[in-house]
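Visitor: I would like to learn how to read a structure of this kind, one feature at a time. Could you take me through it, giving the general idea before each case?

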Amino acid sequence: MNKILVGVLASIFLLGSSAAFASGNKQSAIPPMSAQDILNKMSCEGKKDGEKIRDRTDGEMVTCPAKIKNPRK
């Protein structure tokens with residue numbers, strides 16, 4: 001009886017937490033950003049506008065301030 005009760009409680013917990021992970025974080029006001037955009041933004045900190053940096057992922061030149069690509073569009 002105890003094993004069944006523990007199994008039921010564990011499955012409820014796992015199903016509830018996986019549903020929260022699968023929800024897609026719709027409540028966040030922060031727009032999604034790729035890792036490439038985050039790295040470019042960090043590289044542009046402390047640089048003047050118009051200064052060029054090399055992108056860390058694909059090697060192309062980026063002009064600061066780095067433009068953030070919105071994956072939703």
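Guide: Accessible areas come from the Shrake-Rupley method with a 1.4 Å probe, and for residues only the protein chains shown count as cover. On that basis the accessible surface of the protein comes to about 6400 Å², of which 62% belongs to carbon and sulfur atoms. This is a predicted model, in which local features need pLDDT of at least 70 and side-chain atom pairs count only at pLDDT 80 or more, while totals for chains, interfaces and linings use all residues. Residues are numbered from 1 along each chain as its sequence is written, and side-chain values use heavy atoms, with hydrogens and water left out.

Visitor: Which elements does the protein run through from the N terminus on?

Guide: Helices (H or I, at least four residues) and strands (E, at least two) are DSSP runs, numbered from the N terminus. Here there are 2 helices and 2 strands, in the order α-α-β-β.

Visitor: How many disulfides does a search of the whole structure find, and which parts does the pair tie together?

Guide: A disulfide is a covalent bond between the sulfur atoms of two cysteines; the criterion is a pair of cysteine sulfur atoms within 2.5 Å. The search finds 1 disulfide, joining C44 to C64 with an S to S distance of 2.1 Å. C44 lies in helix 2 (residues 35-44) and C64 in the segment after strand 2, so the pair ties together parts that are 20 residues apart in sequence. The link is left-handed, with -85° about the S-S bond.

Visitor: What is the peptide bond from C64 to P65, cis or trans?

Guide: Most peptide bonds are trans. The bond from C64 to P65, however, is cis, with omega near -5°, and P65 is found in the segment after strand 2.

Visitor: Is D55 buried or exposed, and what does its side chain make a polar contact with?

Guide: Buried means under 20% relative accessible area, exposed over 50%, and partly exposed in between (1.4 Å probe, protein chains only). D55, in the loop between strand 1 (52-54) and strand 2 (61-63), is buried at a relative accessible area of 5%. A polar contact is a pair of N or O atoms within 3.5 Å; within protein, one must be able to donate a hydrogen and the other to accept it, and residues adjacent in sequence count only if both atoms are side-chain atoms. The side chain of D55 makes such a contact with the side chain of Q36, at 2.9 Å.
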